[in-house]
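Subject: Structure for your attention

Dear colleague,

Please find below the structure that I am handing over to you.

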Amino acid sequence: MPSAERPAAPAALPALPALPSLDELLATARVVALPLVTRFRGIDVREAMLVEGPEGWTEFSPFAEYDDDEASAWLAAAIDYGWNAPPPALRDRIPVNATVPAVDPDSVPAVLARFAGCRTAKVKVAGSDQTLAQDVARVRAVREALGPEGRVRVDANGGWNVDEAEHAIHALAPFDLEYVEQPCATVEELAEIRRRTKYMGIPIAADESVRRADDPLAVAQAGAADLLVIKAQPLGGIRRALAIVAEAGLPVVVSSALDTSVGLAMGAQLAASVPSLEFDCGLGTASLLAADVSASPLLAEGGSIAVRRVVPDPGLLDRYAATEERIDWWMERVGRCHEVLSDAR
C-alpha cells in the first residue's frame with residue numbers, strides 16, 4: 001500500500017461540544033447490562049448508559065477500567081451525538097466486517113453465520129490465554145469458511161512485542177491477510193514492525209495508538225501505520241474523529257467499541273461522513289450481543305448496516321436494566337466525567 005504524505009504538524013481539533021447540565025443528562029439516563037453471545041474482551045456482559053438528547057438517543061459506554069479522564073472523551077461524544085445535528089451523510093449504508101472472538105476453530109462457522117452477508121472477517125489473536133498455534137488454527141478456519149474471495153484481517157490489541165509480532169505475521173501470512181491491526185502496543189514498536197514486514201505487503205493498522213493516545217495523530221506522523229482504526233466514542237465524537245481523519249491523511253476503518261445499537265448508530269453516522277471509505281467497517285458488532293436495546297437492532301444485512309438513528313425499546317430497557325448498585329456507579333461516573341469536561345473549558 002503506498003504511503004500517504006505525513007502532516008508536518010497537527011491542526012487543532014474542533015472544540016468540545018456545548019455542555020448540557022448534569023441534571024439534563026441524568027434526567028433521561030438509563031443503564032443497561034446486555035449479555036454477550038460469547039465472552040469477548042474479557043467480559044460476558046456489556047454495560048452502557050443511554051441518554052436522550054434534543055437530537056435523539058445517544059450512548060456513553062467507556063469500559064469499566066477506563067479512568068475519568070479517558071472516559072470523559074466518551075461523554076463528549078455522547079453529548080455531540082445527542083445534542084448536535086450530525087454532519088452530512090455521504091452514504092446511507094455502511095459495509096461491515098464479521099468479528100470472530102478467540103473461539104475454537106469448530107465454532108467459527110456459527111460465529112460467521114451471525115453476520116449476514118459479510119465478506120470480511122476480523123479475527124481476534126494474541127490473547128493472553130491463547131497460543132499462536134490456536135490463533136493460526138482460528139484464522140485458517142475463517143479463511144476456509146470465507147473462501148479465497150473473502151477478506152481476513154487480524155487484531156492483536158497490542159498483545160505482541162516486535163519479535164513476537166514478526167513471528168506471528170509470518171505464521172499468518174499464508175491466509176492472505178488484509179491487514180494486521182495493532183500488532184504491538186507502542187507507536188515505536190508499530191513503526192519497527194511495519195519496517196520489518198513491509199516486504200511482505202501486509203498493511204499495519206493502528207487502533208489503540210489512536211484512540212488511547214495523548215496525541216491521536218502521532219502514529220500517522222511517525223509513519224507507523226498504513227491505516228487507522230477510528231471510533232466515535234473514544235475520540236470525543238464524530239466531528240473530532242473526522243478532524244483526525246483529515247489531518248492524518250491515511251485510509252481509515254470506522255469501528256465500534258462493543259456498543260449497543262444506539263452507539264453503533266453513532267459509528268455509522270461517522271462512517272457515513274468520512275470522505276473516502278475503502279475498507280469494510282467494524283460496526284457489525286451487534287451480532288456479538290445476545291440482547292440489545294432496540295427491537296430493530298443495527299444488525300448486518302447483506303454485509304452492511306443502515307445509517308439511521310436508533311430508538312431504544314422501553315420494554316428492553318426495563319428487561320436489561322442494570323442492578324441498582326451498577327446504576328449508581330454509572331450515575332456517579334457520568335458526574336465525574338461531566339466535571340472533567342467542565343474543567344476543560
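This is a predicted model: local features need pLDDT of at least 70, side-chain atom pairs count only at pLDDT 80 or more; totals for chains, interfaces and linings use all residues.

Residues are numbered from 1 along each chain as its sequence is written, and side-chain values use heavy atoms, with hydrogens and water left out.

Helix 2

Helices (H or I, at least four residues) and strands (E, at least two) are DSSP runs, numbered from the N terminus. Helix 2 spans residues 68-83, 16 residues in total, and extends 21 Å from its first C-alpha to its last, close to the expected 22 Å (1.5 Å times one less than its number of residues). Twelve of these 16 residues are buried, so helix 2 is largely enclosed by the rest of the structure; buried means under 20% relative accessible area, exposed over 50%, and partly exposed in between, with a 1.4 Å probe and protein chains only. Among the buried residues are Trp74, Leu75, Ile79, Tyr81 and Trp83. The elements that cover the buried residues of helix 2 include helix 1 (22-27), strand 2 (43-53), strand 3 (56-60), helix 9 (238-248), helix 10 (261-273) and helix 12 (324-344).

At the N-terminal end, helix 2 is capped by Asp67, which has a side-chain oxygen 3.2 Å from the backbone nitrogen of Asp69. Ser72, within helix 2, is buried at a relative accessible area of 6%. A polar atom of the Ser72 side chain lies 2.6 Å from the backbone oxygen of Asp69. Not counting residues up to four places away in sequence, Ser72 touches Cys337, Val340 and Leu341, where contact means heavy atoms within 4.5 Å.

Helix 9

Helix 9 is also mostly covered, with eight of its eleven residues buried. These include Ile238, Arg240, Leu242 and Glu247. The cover over its buried residues includes helix 2, helix 8 (218-221), strand 10 (227-230), strand 11 (252-254) and helix 10.

Helices 4 and 5

Helix 4 (residues 132-146) packs against helix 5 (residues 162-172) at an angle of about 30°, and their axes are 10 Å apart. Axes are lines fitted to C-alpha atoms, for helices over the stretch in contact, and angles run from 0 to 180 degrees between N-to-C directions. On the helix 4 side, Leu132, Asp135, Val136 and Val139 meet His167, Ala168, Ala171 and Leu172 of helix 5.

Leu289 and Ser304

Leu289 is placed in the loop between helix 10 and strand 12 (304-306), and is buried at a relative accessible area of 5%. Leaving aside neighbours within four places in sequence, its contacts include Leu34, Pro35, Arg46, Arg114 and Asp259. From C-alpha to C-alpha, Leu289 and Gly267 are 17 Å apart in space, and they are 22 residues apart in sequence.

Ser304 belongs to strand 12 and is buried, with a relative accessible area of 11%. Its side chain is joined to that of Arg93 by a polar contact of 2.7 Å (a pair of N or O atoms within 3.5 Å; within protein, one must be able to donate a hydrogen and the other to accept it, and residues adjacent in sequence count only if both atoms are side-chain atoms). Beyond neighbours within four places in sequence, Ser304 is in contact with Arg93, Ile94, Pro95, Val96 and Leu299.

Yours sincerely
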